[in-house]
Amino acid sequence: MWESPESLWGRLKLGREEFLQRLMTTLIVDGAAPRWNTQIRPGDEGMRFLRLLDGLAHGHEPLESAPPPDAFVDEYLLPKLEESAENGWPDWAVLWADRVWIIELKTEPGSHRPTQLPYYLRLAAAAHPGRSVDLTYITGPLTKPAPEVADGQRFSHVQWADVLPLVDTVWGDDDRREVREYVYAVREIVDNLSVLRPMEQRDAFLHTVRVDEVTSTAEHVDAVTATDEPLLELAVATAQDGRQRGFGAGSPEHLVSLRKAARAAIGTLPADDATRYVTPWVWDVATSGGSALTPEGSEFGYELRFSRYKTVQIKF
């Protein structure tokens, strides 16, 4: 049995964008969503959905004879090209031997960043020389100029309102309870994108789902915010006892912003403060070893860590 949508939202620090992404990823892979940057083969219905989405995005009928992708990735790592830059993390990637299809998902107009899409095209071309690169932008009601594309690249912008019928076509008649619950949650979010603000939408969702454990899930979503104060408290506690501590987030880019905020907060302390010996860094289960310290770390394979060192590691 899949975890219920309301339990998923209550257990993790997910905003509306991350929640919708996790719901859709679970449907596509037909089971527990994978950790970030993990290649996985979509389920049969997921394959069908991706073919329909491909046709919608690129203006053609779904190609039943088209070769299936080699892999689907949730939160795809595109390595940075300059040491001072940040890695790219498009929400989805669909991979073939000769093609890379990058998909970025948005629900909030305020999360649109003009530099994000051109940067993803640049990084994808560098990471996959010789392959065609497609970039699809799925948003709520939003009109923004398209990024410039190079030879062998395509860009498409579609709205969630146009994607929702594809979800209904593929999963609308599924008789599995867990699938129906996920489809219902996706519909509730998409139908309210232009009507309710994120917090109002969350409350509306939690009060209309058919579950027994709705209480207490709503409060956890906003229990810890991405402000300096809770991050600095974790750093101070680690400076005092030397124990590693973790802090979770719903997306890789949020983790990077948290790391920057934590380092900036530590940098405001006096030069002789013991907390300056604490370094915030991003833990990756694939390369860092050990076990996660947060629910998000267990779920996604990444979290923010605070570690104390014998010497100051950060250049302020």
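Guide: A crossing is left-handed if the near helix is turned anticlockwise from the far one by less than a right angle, and right-handed if clockwise.

Visitor: Which hand does the crossing of H3 and H5 have?

Guide: H3 and H5 cross in a right-handed manner. The model is predicted, so local features need pLDDT of at least 70 and side-chain atom pairs pLDDT 80 or more, whereas totals for chains, interfaces and linings use all residues. Residues are numbered from 1 along each chain as its sequence is written, and side-chain values use heavy atoms, without hydrogens or water.

Visitor: At what angle do the axes of H3 and H5 cross?

Guide: The axes of helix H3 (residues 44-58) and helix H5 (residues 160-171) cross at roughly 150 degrees and come within 10 Å. H3 is therefore roughly antiparallel to H5 (angles over 145 degrees count as such). Helices are DSSP runs of H or I with at least four residues, numbered from the N terminus; axes are lines fitted to C-alpha atoms over the stretch in contact, with angles from 0 to 180 degrees between N-to-C directions.

Visitor: Which residues make that contact?

Guide: On H3 they are Glu45, Gly46, Arg48, Phe49, Leu52, Leu53 and Leu56. H5 brings Asp162, Val163, Leu166, Val167, Thr169, Val170 and Trp171. Contact means heavy atoms within 4.5 Å. By class, 9 of these residues are nonpolar, 2 polar and 3 charged (Asp, Glu, Lys and Arg are charged; Ala, Val, Leu, Ile, Met, Phe, Trp, Tyr, Cys and Pro nonpolar; the others, Gly among them, polar).

Visitor: And H2 with H6: left-handed or right-handed?

Guide: That crossing is left-handed. The axes of H2 and helix H6 (residues 177-191) come within 10 Å, at roughly 145 degrees. Residues of H2 in the contact include Phe19, Leu20, Leu23 and Met24, and those of H6 include Tyr182, Val186 and Ile189.

Visitor: How does that contact divide by class?

Guide: The contact of H2 with H6 has 12 nonpolar residues, 1 polar and 1 charged.

Visitor: New topic. How many cavities of 30 Å³ or more are there?

Guide: The whole structure holds 2 of them. A cavity is a set of points on a 1 Å grid over the protein atoms alone where a 1.4 Å probe fits but cannot get out.

Visitor: What lines the second largest cavity?

Guide: Its lining (residues with an atom within 4 Å of a point) is Leu14, Glu18, Gln21, Arg22, Trp36, Asp74, Glu75, Gly250 and Phe300. By class, 3 are nonpolar, 2 polar and 4 charged.

Visitor: Which helix gives the most to that lining?

Guide: Helix H2 (residues 16-29) does, with 3 residues.

Methods. 1 Å grid on protein atoms, 1.4 Å probe; cavity = no way out; pocket = protein on both sides within 12 Å on 5 of 7 lines; lining within 4 Å. Points joined across faces, edges and corners; volume = space filled by probe spheres on them. Helix = DSSP H or I, 4+ residues; strand = E, 2+ residues; numbered from the N terminus. Parallel < 35°, antiparallel > 145°, perpendicular 65-115°, else oblique.
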